[in-house]
Amino acid sequence: MPVTVSGPPQLRGEITAPGDKSVSHRSAMFNAIAGGSATVTNFSPGADCSSTLDILRALGVEIDREPGQEGLGDMVHINGVGMHGFAEPSVILDAGNSGTTTRLMSGILAGRDIFAILTGDASIRSRPMGRVVAPLRQMGAEIFGRKDNTLAPLVFAGGDLRGMRYEMPVASAQLKSSLLLAGLRADGETRLVQPAQSRDHTERMLNAMGASVTTEGNEVSVTPSELGADDDYVPGDISSAAFWMVAGLVHPNAEIMIRGVGINPTRAGVIDALKMMNADITLENERDAAGEPVADILVRSSDLKGTVIGGEIVPLLIDEIPVLAVAAALAEGETRFEDAEELRVKETDRIAATADWMTAAGVTVETTADTMTVHGAGRLLGGNFNGHHDHRIAMSEGIAGLISESPVTITGAEIASISYPQFWAEIEKLGGAVE
Ligand code: S3P
C-alpha cells in the first residue's frame with residue numbers, strides 16, 4: 001500500500017503514544033510462565049506483540065484480548081501456566097517480523113522437555129540468531145538452526161540448563177533477556193557481563209514478579225526462581241513517540257504534546273540526543289506507572305544543530321536512529337552516528353536503507369560499516385521512497401513528508417503496523433495530509 005504524505009503550514013496537536021512494544025512482549029511472556037492470572041493494560045497494538053500472543057497460545061496458554069478504555073490500548077488477560085507448564089506445540093511457532101519474540105522465546109523454550117520449532121518472516125530468517133543460540137547451547141540446551149545454528153528456523157529439543165558466567169559480545173537487551181529467562185530455570189547462577197547498558201525492562205519486571213535479578217554496574221545475574229503473576233500497565237512507547245518529537249522539532253511552525261511516554265533512562269537516549277542538538281523538549285507530569293517512569297513530552301519548533309552520537313548512548317536510542325537521521329538532515333552542520341553496527345542487522349540494514357532514501361531526498365549521507373554521517377541540508381525533497389519492509393524506515397519517511405518541499409510517497413507503508421498501526425491516522429490528526 002503506497003501512502004502519500006504532505007505537510008501542513010502548521011503542525012499542532014496532542015498524541016497519546018501507543019503501548020510500549022518491548023514492555024508488552026515481556027508482560028505477556030513473563031505472565032505466561034508465572035503462577036496465577038494477570039491483566040495487562042495498554043498492550044501494544046503492533047503486529048509484533050500479536051505474534052508473541054499467538055506463540056504463547058500455541059504453547060497452551062489461555063489468553064483473552066479485549067479493547068481497552070477510551071484512549072488506551074487493548075487489555076490482555078493471561079492465565080499463567082507456571083514455569084514448567086507449556087504444552088508441546090503441534091504447529092510451527094511463527095514470530096512474524098519480531099526479533100524480540102524470536103530471541104526472548106528462545107530463552108524461554110531452551111532446555112524444556114518439549115519439541116518446538118520457531119521461525120519468522122524473511123527478515124527474521126536472515127537475522128543473526130547465533131548470538132542467542134551459542135550461549136544457550138553452552139548452558140546445556142539442545143537447539144539447532146540453519147547455517148551452523150545461526151539462523152532460524154530454530155529447533156528446540158530439550159537439554160538440562162546450567163547457569164554460567166557469560167561475556168556478552170553485544171550490548172543487546174534481547175540477548176540479555178533471553179539468557180536471564182533461561183537462567184530462571186538453570187542450575188545455579190547465571191551471570192552476564194554486558195559491554196554497555198541496554199534497556200532494563202526485563203530486570204525490572206522479573207524482580208517485580210518475585211525473581212532475584214541483581215545488577216551491579218554492567219553485570220546482571222539471576223538465580224533460579226518461580227514467577228508470580230503481575231498486573232501490568234504498559235507505558236507509551238518512546239520509540240513511537242520519537243517520530244512526533246522529531247516532527248515537532250523540525251517543522252517550522254509546530255507544537256506537539258505527546259502523552260504518557262515511558263522515559264526509562266535505558267530507553268530515553270533519544271531525548272538526550274535531541275537536547276544535544278538544541279531541541280526545545282519539556283517533560284511534564286513525570287510519574288511512575290507499574291515500575292516504569294512516565295512523562296508527557298512537549299516539543300516545539302527548534303533550530304537544530306549537528307552533533308556526534310556514539311559510544312554508550314547508542315544502545316539507549318538504537319531504534320530511534322532512523323528518525324534521528326531526519327532531525328540531522330534538517331539540522332545545521334553535520335551529525336555523525338558512530339558505533340552503530342547493530343543497525344545493519346535490524347529488520348533491515350537501517351544504515352543502507354536510511355542512506356538510500358535520504359540521498360533520494362537530496363541529503364548527503366556517508367556510511368561505513370558502523371557509522372553514518374548526515375550532512376544537514378536544512379531541507380528535504382519529496383519523492384517516492386521505499387519503506388524497505390521496515391516499520392521504522394517507513395515511518396521516518398512519513399515524518400519527512402511533513403516537512404519536505406513536495407509530497408513524499410512511501411511504498412509498503414502498511415509495514416508501520418508492526419509497531420504503530422495508527423501512525424498514518426495520527427499524521428492526519430496533527431494536520432498533515434495522507435492519501
Ligand atoms: C529490544 C531490544 C533492541 C531493539 C528492539 C527491541 C527489546 O534490540 O532494537 O527493537 O525489546 O529487547 P537488541 O537487543 O538486539 O539491540
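Tutor: Two strands pair if DSSP finds at least two bridges between them. Strands (E, at least two residues) and helices (H or I, at least four residues) are DSSP runs, numbered from the N terminus. This is a predicted model, in which local features need pLDDT of at least 70 and side-chain atom pairs count only at pLDDT 80 or more, while totals for chains, interfaces and linings use all residues. Residues are numbered from 1 along each chain as its sequence is written, and side-chain values use heavy atoms, with hydrogens and water left out.

Student: How many bridges join β1 to β23?

Tutor: Strand β1 (residues 3-6) runs antiparallel to strand β23 (residues 408-411), and three bridges join them. Within this pair, V5 stands opposite V408. Strand β22 (residues 383-386) also pairs with β23, in the parallel sense and over four bridges; there G383 stands opposite V408.

Student: What is the strand order in the open sheet of four strands?

Tutor: The order is β4-β5-β3-β14, with mixed pairing. Because β4 (62-66) and β14 (232-233) each have a single partner strand, they stand at the edges, and one side of each is left without a neighbour in the sheet. Strands β3 (residues 35-43) and β5 (residues 74-81) run antiparallel and are joined by seven bridges, with S37 opposite N79 in β5.

Student: Which domains does the chain have?

Tutor: Domain bounds come from an automatic or database domain assignment. Here that assignment gives domain 1 (3-18 + 235-434) and domain 2 (21-233). Their C-alpha centres lie 28 Å apart. The contact (heavy atoms within 4.5 Å) takes 31 residues from domain 1 and 27 residues from domain 2.

Student: How is the size of such an interface expressed?

Tutor: The accessible area lost when the parts come together is often given. Buried area is that loss with a 1.4 Å probe, summed over both parts. Domain 1 and domain 2 bury about 2300 Å² between them, with 49% of it on carbon and sulfur atoms.

Student: How many salt bridges are counted between domain 1 and domain 2?

Tutor: A salt bridge places a side-chain nitrogen of Lys or Arg within 4 Å of a carboxyl oxygen of Asp or Glu. The count between domain 1 and domain 2 is three. E347 also forms a salt bridge with R127, with the closest N and O atoms 4.0 Å apart. On the side of domain 1 that touches domain 2, the elements giving two or more residues are β17 (292-300) and α12 (391-401).

Conventions. Buried area is the accessible area (1.4 Å probe) that two parts lose on being put together, summed over both.
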